[in-house]
Amino acid sequence: MTSIQDERILVEIEESLIQEEVNKVLTGLSSTAEDGSVDMHGKPPLKQKTGNWKACPFILGNECCERLAYYGIAKNLVTYYTSELHESNVSAARQVMIWQGTCYITPLIGAMIADSYWGRYWTIACFSAVYFFGMAFLTLSASVPGLKPEKCYGVALCPQATTVQYAVFFSGLYLMALGTGGIKPCVSSFGADQFDDTDPRERVSKASFFNWFYFSINIGSFVSSTLLVWVQENSGWGLGFLIPTVFMGLSIVSFFFGTPLYRFQKPGGSPVTRVCQVLVAAYRKLNLNVPEDVADLYETGSVIAGSRKIEHTDGYKCLDKAAVISNSDAFSNPWKLCTVTQVEEVKILIRMFPIWASGIIFSALYSQISTLFVQQGRSMKRTIRSFEIPPATLGVFDTLTVLVSVPVYDRFIVPFVRRFTGTPKGFTDLQRMGIGLFLSVLSIAAAATVETVRLQLARDTVSMSIFWQIPQYILMGIAEVFFFIGRLEFFYEQSPDAMRSLCSALALLNTAIGSYLSSLIITLVAYFSTINGGDGWIPDNLNEGHLDYFFWLLVSLGLVNIPVYVFFSVKHTQKKAL
């Protein structure tokens, strides 16, 4: 009798312990993260000691310093081309856009390395070193007299840079582009990895993380737009490039200091290989006849992928065949037979593609901030008594707008909109991006209007104040808060767990293609507007051109893009609901 009672007591204790563990998970009180992450020792991370907001200051500090370094070069690079390397306005704008585009293509390299081999932590660490050496080369090229052209003597005597001078300068510039390729796709994802998706409270915090991540980017941008631009134009380019190089070093130090607090996601294998396996397997079975209820023939019906369960969805039936077992299949050959998870990952990427493509025009419009907005400002009245305002400094209004808008959006707009939409984030990611697209068009329209008035005043020999540019910078700053942060969240949350770095890189590729598109449009406009003689739309002296026509052309592209984006975003939402 006693043994039976003892057994009952033991069963009751066991059941209570199981229930306690279940309650901990359900209420987010589990002592360790349940999302598959590990700590620096490879063990399940303790929530009280790792991750969440306690790890974020080091990641946000890293991003702030790295972006200060990047924008310390990028914000005024077009001026360096024209004043120090003696390039024309069109050539300078084109070179800057090509470089910026490259900075957003190289993340594909970093993302594939992170997802396949090194993980996000070591990818950030190694590419940061490359980044630092690139900035050191740039500082040398701007500081050592023999590594830059002589100053101009009058208008006609401007010696061009030699091959060696260009080699040192471009080596530094494109090493920096390679370095940013390992940082950009990984930092935001690595920061988001610090929050456990299985914990309801941490999941809510993750949405705020993206807002504050972008806030830290613009702290760095603010310092670059004010202090560094002034130093470059008044104290010399050598010092102006040295300061961001030092901050890049601080960025690396900040990142390593937080190592004991981080949670790490293990690499999940090459995402590109996984995608190719599905495409090859599906192609091999194009002629395979499959019943309508194809899910019964799958090797597996659904698989836990990281912290999410991916199940079979309708659509793209030809891809479904990759996971169907046929008589000739070798079960151990992933190029002939794939899992449902792999197939659904490819479907997710396909569904995201139209949204991705619709953002290219936004990136083309946004790239004007560091190029033709600056050149426009250089043609305006920039003096307050004896003080001359560097035209790139006006970018501070874009940055200030972001710094004000992010906390306002996070603390006031989200709770207010949530009352009407019922969405925890207020607006959905797609709605947020759509608002950003519309505001970017308004920004370029404001720039076009200012340029039209400026040209009319210039013909009457009246200078227009550079402060009339402020509205276009403010509108673009608000557009950033809606579009870029929405894009960060959309690509992180929609992407498969094993492809998050790659999908972040694809979002950045969007920016690269936008920059290249803008460069192509400038080249075509410069060619066709001068084909019959004349100075064209964008001459060296903007008073003799029609920069306003170019801005209105961008406005037209933006207006065509908006309904295309709305169509595909509605379609994406409907497919997701199904």
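**Rings, charges and a helix**

Biologist: What makes you say that the charged end of Arg67 sits over the ring of Tyr70?

Modeller: The charged end of Arg67 is 4.2 Å from the centre of the Tyr70 ring. An arginine counts as over a ring if its CZ is within 6 Å of the ring centre and within 35 degrees of the ring normal, and Arg67 sits over Tyr70 by that rule. Do keep in mind that this is a predicted model.

Biologist: Which other ring face does Arg67 lie over?

Modeller: Arg67 also lies over the face of Tyr71, at 5.6 Å from the ring centre.

Biologist: Why are Phe209 and Phe213 called an aromatic pair, and what kind is it?

Modeller: Their ring centres are 5.8 Å apart, and the limit for a pair is 6.5 Å. The planes make an angle of 40°; under 30 degrees would be stacked and over 60 edge-to-face, so the pair is tilted. By this rule the protein has 46 aromatic pairs.

Biologist: Where do Phe209 and Phe213 lie?

Modeller: Both belong to helix α7 (residues 200–234), 4 residues apart, or about one turn of the helix.

Biologist: How do you know whether Phe209 is buried or exposed?

Modeller: Buried means under 20% relative accessible area. Phe209 has 0%, so Phe209 is buried. Phe213 has 3%, so Phe213 is buried too.

Biologist: What about the cysteines: is Cys186 buried or exposed, and how many disulfides does the structure hold?

Modeller: Cys186 has 0% relative accessibility and therefore counts as buried. Cys503, at 1%, is buried by that cut-off as well. The structure holds 0 disulfides.

Biologist: Which residues of α8 are buried, and what do they pack against?

Modeller: Among the buried residues are Trp237, Phe241, Met248, Ile252 and Phe255. The buried residues of α8 pack against α2, α3, α5, α6 and α7. Trp237 and Phe241 also belong to one aromatic cluster with Tyr80, Tyr81, Tyr166, Phe169, Phe170 and Tyr174.

Biologist: And for the protein overall, how many helices and strands are there?

Modeller: There are 18 helices and 4 strands. Of the 578 residues, 53% are buried.

Technical notes: Residues are numbered from 1 along each chain as its sequence is written. This is a predicted model: local features need pLDDT of at least 70, side-chain atom pairs count only at pLDDT 80 or more; totals for chains, interfaces and linings use all residues. Side-chain values use heavy atoms; hydrogens and water are left out. Helices (H or I, at least four residues) and strands (E, at least two) are DSSP runs, numbered from the N terminus. Buried means under 20% relative accessible area, exposed over 50%, partly exposed in between (1.4 Å probe, protein chains only). A disulfide is a pair of cysteine sulfur atoms within 2.5 Å. Rings of Phe, Tyr and Trp (its six-membered ring) pair if their centres lie within 6.5 Å; planes under 30 degrees apart count as stacked, over 60 as edge-to-face and the rest as tilted. Contact means heavy atoms within 4.5 Å.
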